[in-house]
Amino acid sequence: MENEGNNDGSENPVAITGSGIDTDGGESLQIGSEIDTNGGESEEKQIGSEIDTNYGGESQQIGSEIDTNAGESKEEQIGSEIDGGEREEVQTVSETDADFRKMFGISIPRQNIVVENEEAKADIIRRRRKDCDKGFFSNYDDVTVHRNMIQDTHRMEAYNSAVLFYKDRIEGKVIVDVGCGTGILSIFCAKAGARKVYAIEASQMALHAKSIIEANGLSHIINVLHTTVEDATIAEEVDVIISEWMGHMLFQENMLPSVISARDRWLAVGGLVLPTSATLYMAPFSDSQRYHQKIGFWSDVDGIDMSVLIPPTTSVVCRFPSVETVEHDCLLAEPHQVIMVDMYSITSSDVDLITTSFRFHSRRSALLHGFVLWFVADFSDEAVHHDERDSIEVESAPALSTAPDAPSTHWEQTLLNCPDPLHVEEDQVIEGILTIKIDESDHRLLRICLNYGRTGW
């Protein structure tokens, strides 16, 4: 299963909580939500309550987390305060047992994990994750999901160029394609001279992949394994692992652990992993036109004042991350690196909880409308030296960028919108903390905590 990144009709939830802190006025905002970025549009589940519009240093809360089985909300302050450049940390604690399976169309009821034995709790979590995986993989039975990926020319060119670049590492070697989808990456490798390719796919698309491979006369090279990576058996070491595992914000759908599992179980010493690394970036942005289209237009609808609808619209828009294309000119500062994933050393636990502190200097006087995130997947391997090249090979290892200034992709960019745009002056500091956490019960779910604010300049 190639990772479509959710812009295709697949259902993959993300949850976001956080706050915005204006150190000039002393007001803070808390955001809480879940998202299903189905086709770029959110199928919303209400997680939250009232908007407290009191100012003067009091907390403005937009949202809380609830247990949809019990119907009772569990609210906890998540964030920190910034005052005059000094930060007072507030412990980040957030738990929920919302029925995320409904997002996958799974009707099995969920119950709180209340057990005395840690081993029993771990077993319950494993079973829950298997149930969620069934729904997750079924999303990739839909051929339109794969059409969107295949029609992403920037994505396709990057992977094809990478295979050609490492042709001398692939020719005559054993390859594993993690989440092969239609089998396109396996076919690239076979055409580059691979001796054997194990194409692993858990969804029903594996059946189509097998037919595609047969139609192209490559069945003697490519072996389609219709199973998960974790359940697959390969009785030999492999020389190369290739996978398109990246989701929106890099980690959505949490496919990376499957690639790590394949690496740890099968990759030979000195083997190659493609891509070799991936980096998640973030930057503040200002886009008044986008804000007006989504929220501000209520102020004047054919001469009618409907601004009373701005607060509830703001609550919905800012509670959910959105997958959209952002123009590079909208960025207010140089990007901040959230995390760099080295595919040779990363572990699953390394990405269970990601926390980064950021500090930007605004390029100009503008309204801060939110933060945009994107990733770059790199195929370069500094340990590899190519002394001879065929004329069809590229001169340097390619990279797959989803940045605002890169060619458009089906991933686009991910926006975290500010509930209340903050005015920043040129060179004014925008700082805060971003936390990305894999949900305990549903490992396909991300929980995001964003704290941000402006300080003097």
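Modeller: The answers below concern a predicted model.

Biologist: In what order do the strands of the five-stranded open sheet run?

Modeller: The order is 11-10-9-12-13, with parallel pairing.

Biologist: Which strands stand at the edges?

Modeller: Those are strand 11 (222-225) and strand 13 (267-274). Each has a single partner strand, so one side of each lacks a neighbour in the sheet. From one strand to the next, the twist averages 20 degrees.

Biologist: How many bridges join strand 9 to strand 12?

Modeller: Four bridges link strand 9 (residues 174-178) with strand 12 (residues 238-243), and the two run parallel. Within this pair, Val 178 is opposite Ser 243 of strand 12.

Biologist: What does helix 5 touch in the sheet?

Modeller: Helix 5 (residues 184-191) packs on the sheet and touches strands 9, 10, 11 and 12. Its direction makes about 175 degrees with that of strand 10 (196-200).

Biologist: Changing topic: is His 336 buried or exposed?

Modeller: His 336 counts as buried because its relative accessibility is 18%, and the cut-off is under 20%. This residue lies in strand 16 (residues 336-342).

Biologist: Which backbone oxygen lies 3.4 Å from a polar atom of its side chain?

Modeller: That is the backbone oxygen of Ser 357. Leaving aside residues up to four places away in sequence, His 336 touches several residues, among them Leu 280, Tyr 281, Met 282 and Phe 360.

Biologist: And where is Leu 416 found?

Modeller: Leu 416 belongs to strand 20 (residues 413-424) and is buried, at 1% relative accessible area.

How values were computed. Residues are numbered from 1 along each chain as its sequence is written. This is a predicted model: local features need pLDDT of at least 70, side-chain atom pairs count only at pLDDT 80 or more; totals for chains, interfaces and linings use all residues. Side-chain values use heavy atoms; hydrogens and water are left out. Buried means under 20% relative accessible area, exposed over 50%, partly exposed in between (1.4 Å probe, protein chains only). A polar contact is a pair of N or O atoms within 3.5 Å; within protein, one must be able to donate a hydrogen and the other to accept it, and residues adjacent in sequence count only if both atoms are side-chain atoms. Contact means heavy atoms within 4.5 Å. Two strands pair if DSSP finds at least two bridges between them. Axes are lines fitted to C-alpha atoms, for helices over the stretch in contact, and angles run from 0 to 180 degrees between N-to-C directions.
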